[in-house]
Amino acid sequence: NQLLKDFVEHVENSSYAHHVFAYNPMGGQSGEWYWPGSVYGGFTGYSDGTTKSFRNWLRLKYDNDPQRLQKAWNKEALSFETVEIPPPEERMRKDGNGVFLDPVQHQHLFDLRQYKNDRTFLNIEENSRTIKEASRGRKQVIVFSGYSLPVISHKLYAAGLETTGRIFRSRYIDAVGCLLNYTRRRGGDHGLNVNAFNGSAWLHGKMMWMEDDPRTHFHTQMESGRTASMAETLTVLKRSFGYSLTRNQGVWWRMFDSAWYHHEEIMRTFQNVQKAAVASVDVDQSSVSQVALFF
């Protein structure tokens, strides 16, 4: 964390520090705290360092008692020194969808899953704490998290994504960032966040931020979510801003390629969005919801 501490202190002591309102610590694949490779169906955790760390984690969980470990894993003669990461073919369950497993038969898979989530959260919170301390509490910390509803089962249990509750409860994290659902983001689609826990965020005093990275009609590839016309491009940009007004969340647009936005009409739309955003600050935006969904 020394490198991160030095970086934040450098920024905070610079002439442009007043332009910086938040830091976004990132790790893992895509900077969104996925375990590398897990996004595309791979299984991670086979380095010597991970095996050693997993064994130490098990010692703490089972009070360094090999008999407790043997009973939980249903394996005689197992020791903390001989524990290995389950092979991919075992983690790729053939008797279900990979989410609902029998804890009597598959406790070793549950333990690995919990270990990955614990290590992920440890890194997130340590980075966030370092930023808070180095900025003397004057800047916000925004973390990507909470991808629990629209993701496929493999990504959910293999990528360390089951930390949403701890993220919301952390005193070092001010806001949670997330992206739109990639398969339902065109004009006429819902274009909702992959983190749908706006209510939980409010109750924990956190702010939600939507990162909209639209593939506009200027995109040269027929990628998922790519718009087909100027009218559709403007519609999806306005939709994200509409959510920020009605769901009490922030929004930013990420430019993977500036050419995707390089048009006077798009820039004028952003200008009008900014004016509407400023005008909305003094408007009562209290929720009028009468229904709560518990997941």
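1. Leaving aside neighbours within four places in sequence, Lys139 is in contact (heavy atoms within 4.5 Å) with Glu12, Ala17, Val20, Phe21, Tyr23, Lys132 and Asp174. The side chain of Lys139 reaches the backbone oxygen of Val20 at 2.9 Å, where a polar contact is a pair of N or O atoms within 3.5 Å, one able to donate a hydrogen and the other to accept it, and residues adjacent in sequence count only if both atoms are side-chain atoms. Lys139 is found in the loop between α5 (103-134) and β2 (140-144), helices (H or I, at least four residues) and strands (E, at least two) being DSSP runs numbered from the N terminus.

2. On the basis of the numbers: this is a predicted model, in which local features need pLDDT of at least 70 and side-chain atom pairs count only at pLDDT 80 or more, while totals for chains, interfaces and linings use all residues. Residues are numbered from 1 along each chain as its sequence is written, and side-chain values use heavy atoms, with hydrogens and water left out.

3. Helix α2 (residues 48-61) packs with α5 at an angle of about 105 degrees, their axes being 10 Å apart; axes are lines fitted to C-alpha atoms, for helices over the stretch in contact, and angles run from 0 to 180 degrees between N-to-C directions. That makes α2 roughly perpendicular to α5, a term that covers 65 to 115 degrees. Among the residues that meet here are Phe54, Trp57 and Leu58 in α2 and Leu112, Tyr115 and Arg119 in α5.

4. The open sheet of five strands has the order β1-β2-β3-β4-β5 with parallel pairing, two strands pairing if DSSP finds at least two bridges between them. Each of β1 (22-23) and β5 (249-253) has a single partner strand and stands at an edge, so one side of each is left without a neighbour in the sheet.

5. Five bridges join the parallel strands β4 (residues 207-212) and β5, and Asp212 stands opposite Trp253 in β5. Helix α5 packs on the sheet, touching β1 and β2, with its direction at about 160 degrees to that of β2. Helix α9 (residues 230-246) also packs on the sheet, where it touches β4 and β5, and its direction makes about 155 degrees with that of β5.

Key: Angles under 35 degrees count as roughly parallel, over 145 as roughly antiparallel, 65 to 115 as roughly perpendicular and the rest as oblique.
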